[in-house]
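Colleague: I have the model open on my screen and would like to go through a few parts of it with you. Could you take my questions as they come?

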Amino acid sequence: MNNSKLISKEVNGLETVYTLVPGTKLSEVMDELPHGIINKNYTGIGGTTLELDCNRNSIVVEPLKETAWTKAQKPSLHNKYKIFYFGSKSFVQTRVSRKISTLSAKELKFEELSKNLNEYIQDCLKQEKPIKICTVTDQLQTLYNLLETAHPELHSTFHLLLDEVDYMQEASSFRKVMHDCMDIFKGHSPLQRSLLSATIKKFHDPIIAEEPVTTIKYQDHKKTKLDVYESTLTEEAILELVTKRLADSPNEKIVVALNQLKSCIRVAQQLVKQKAIEQSEIAILCSQSRVSEVQEYKHEISSIGILPCTLTFITSAYFVGYDIDERYHNIVACDGNSPSLAIHPSTVYQVSGRCRAKAGLYSNSLLHRMVYSNTQEQKTYSAEELINNSDIANGISILMKLVDQKKTEYSNRFKDHLSKSIFNTDDFYLNIFKPSTNGTDTAEISYLKIDEIIQNQGTKALCADADEYSKSLEDWFNITRHKLHVEPSEVDCNNIKDALTHALKQIRDLSCYAAPQDYFPQILNSINTTKPIKGSIKKLLELYNFSSAHLLFNRDKVLDAVEGIISNEKQPNSRIEELNLYLQFEKLKSLGNSTAVTSIELAYSINTSSPSSDIMSINKKLATSLKKGDKNSKLEKQFVSSITKNKNIQKKLHLLFVNSTSKSSNSVKTFTFTTGEKYDVLS
């Protein structure tokens, strides 16, 4: 220990605060990590390194396979202890001709993994050296089972460290194993367990909340520089920055942290197309489950701590724990419009901290695109509100036990469906439940999921406000804000669905930054396609322009309706035209004194149930009367003209302006008209 590096140690109840000389590693002031929650505050301070190097048996758990594997590739820093990687679903290290290679689970059977672990433990015992095991959350239970069976005398000697624990919180909704891992942690000896991160988040689990907390602080810590570029387009902005870096510094490497694999591929393709870089010099590092999607690019770590290519894209699998031992230009993308790209400022800090080169990064940049404005306020929940729903878990448990008692094929399938519906992530409600720890068919509250919900709400709120987001970044960086104007990338579209999809994306990207007439030419010019398809795009732009001009309509609902049409309709062009007509109808109705609206409402209000042949007759008569009727305004003239010139629309008038249901009885089809909105697009 180096006491000269320790400025002060203050103990206040369950919290201990260490104040250190800037740049101090934890191994310089501690012999081993303390138990409880450790908020190390800074990346690269050596928390995991200390646990793997200290003189006690250790199990270090990483949330991601790539991180766990890389941690075990080198012996510990000072004592040179061998570290065993325990994993059978991803990488498993083997040594051939002095080179480390990897095997997948299919190539290495579980029995062989167990054998290798036993040989490693025996070797450590023989040499009287501590046992150091690095594993991933998915394998922790299997590791525990093996230790209890083969080495029961050693099981209680291990110190358990859950590294990057805030990532475990963030991934709890879609990775059930995070709950299992936390349950194992809570069952481990309180004096032999630690939770570690540079960006610790609040824990709502009452057991974890009682853990002692160790906080590390540097005295007069100098923050690093971060350039924040605010742009209207994410992919185009990345393309702009990367192209400039490649031109200005051709011999320096670049990392782009972009947690959207398709976006990584699109940007890479554009760079190659523009001849800014060769495809062979681009790597895309992602989770093993998605490697098949990036086979045309390098996607493996060829040398630990060294970037595989001049330009390397990384997704969230490499955002935490993965150390890079060389300098590079760092570019991080944050887009509040996309759940996968809406990242908290603390994550920006984690990603920036992947560089472990002594001289640091060449440059550090963040591309930030705010959430497009939403006319409806998003509902948020407090942790107390969510926790107070814990009694629902009792009802879920009763239902699941009741279904289980039936023991029929149907009940078994229903139980499986019920379990997936309740415990898996669901877009329609915030899931706060998990299967009980005891393994029975019961449910309980998930505090990890509540942690995640509260974090996500905070992140969304920050992403929606550029000033607040920048202010939060100042906790970690000295920031300089820039405006970055980029034009939409040109795309080739040979069918109407692709063209409309691209146009819709551009509308969402640009709509909160300018008036529609300002960016519509950009959208039209960015799509290389035929004149008829461009005509369809113009109709979409006109529809959006009309809905944006009137507070009567909820812009996001209109865009959602268009998205549904494009996705589900074989002929989206005609359906978009019908939606436009419906918007005009609602606007005329809100203004009042419209002869056309009055005629339509009278035509159907007295025909609540009629044979289909009568309905067609009513439609025809209505179209004739509209053509002859008075047109009080430019909008009404346009509305009537659209109806009277289109025979297909005339046939659908009863479907466009009122909700209707059809029913067959004695071979006679009838229509029943109901009140309510045909499209849910009003504010």
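Colleague: What is the hand of the crossing where α3 passes α4?

Modeller: Helix α3 passes α4 in a right-handed crossing, where right-handed means that the near helix is turned clockwise from the far one by less than a right angle, and left-handed that it is turned anticlockwise. Helices here are DSSP runs of H or I with at least four residues, strands are runs of E with at least two, and both are numbered from the N terminus. Bear in mind that this is a predicted model, in which local features need pLDDT of at least 70 and side-chain atom pairs count only at pLDDT 80 or more, while totals for chains, interfaces and linings use all residues. Residues are numbered from 1 along each chain as its sequence is written, and side-chain values use heavy atoms, with hydrogens and water left out.

Colleague: And at what angle do the axes of α3 and α4 cross?

Modeller: The axes of α3 (residues 110-127) and α4 (residues 140-150) cross at roughly 60° and come within 11 Å; axes are lines fitted to C-alpha atoms, for helices over the stretch in contact, and angles run from 0 to 180 degrees between N-to-C directions. The two helices are therefore oblique to each other, since angles under 35 degrees count as roughly parallel, over 145 as roughly antiparallel, 65 to 115 as roughly perpendicular and the rest as oblique.

Colleague: Which residues make that contact?

Modeller: On α3 they are F110, S114, L117 and I121, and on α4 they are T142, L143, L146 and L147, with contact meaning heavy atoms within 4.5 Å. By class, the contact of α3 with α4 has six nonpolar, two polar and no charged residues; Ala, Val, Leu, Ile, Met, Phe, Trp, Tyr, Cys and Pro count as nonpolar, Asp, Glu, Lys and Arg as charged, and the others, Gly among them, as polar.

Colleague: Changing topic, what is the order of the strands in the open sheet?

Modeller: Seven strands form the open sheet, in the order β14-β15-β13-β16-β17-β12-β20, and the pairing is parallel; two strands pair if DSSP finds at least two bridges between them. The edge strands, each pairing on one side only, are β14 (282-285) and β20 (477-484). Ignoring direction, neighbouring strands of this sheet are turned by 20° against each other on average.

Colleague: Which strands does helix α11 touch?

Modeller: Helix α11 (residues 345-352) packs on the sheet and touches β12, β13, β16, β17 and β20, its direction making about 160° with that of β16.

Colleague: Is β12 largely enclosed or open, and why?

Modeller: Six of the eight residues of β12 are buried, so this strand is largely enclosed by the rest of the structure; buried means under 20% relative accessible area, exposed over 50% and partly exposed in between, with a 1.4 Å probe and protein chains only. Strand β12 runs parallel to β20, joined by eight bridges, with S231 standing opposite L484. Towards β17, β12 pairs in the parallel sense over four bridges, and V228 stands opposite L366.

Colleague: K225 sits in that strand, so is K225 buried or exposed?

Modeller: K225, in β12 (residues 224-231), is exposed, with a relative accessible area of 54%. Not counting residues up to four places away in sequence, K225 touches N364, N478 and T480. The C-alpha atoms of K225 and I479 are separated by 5.9 Å, although these residues are 254 apart along the chain.

Colleague: And K71, buried or exposed?

Modeller: K71 is buried, with a relative accessible area of 17%, and its place is in helix α2 (residues 65-71). Leaving aside neighbours within four places in sequence, the contacts of K71 include E62, D163 and D323.
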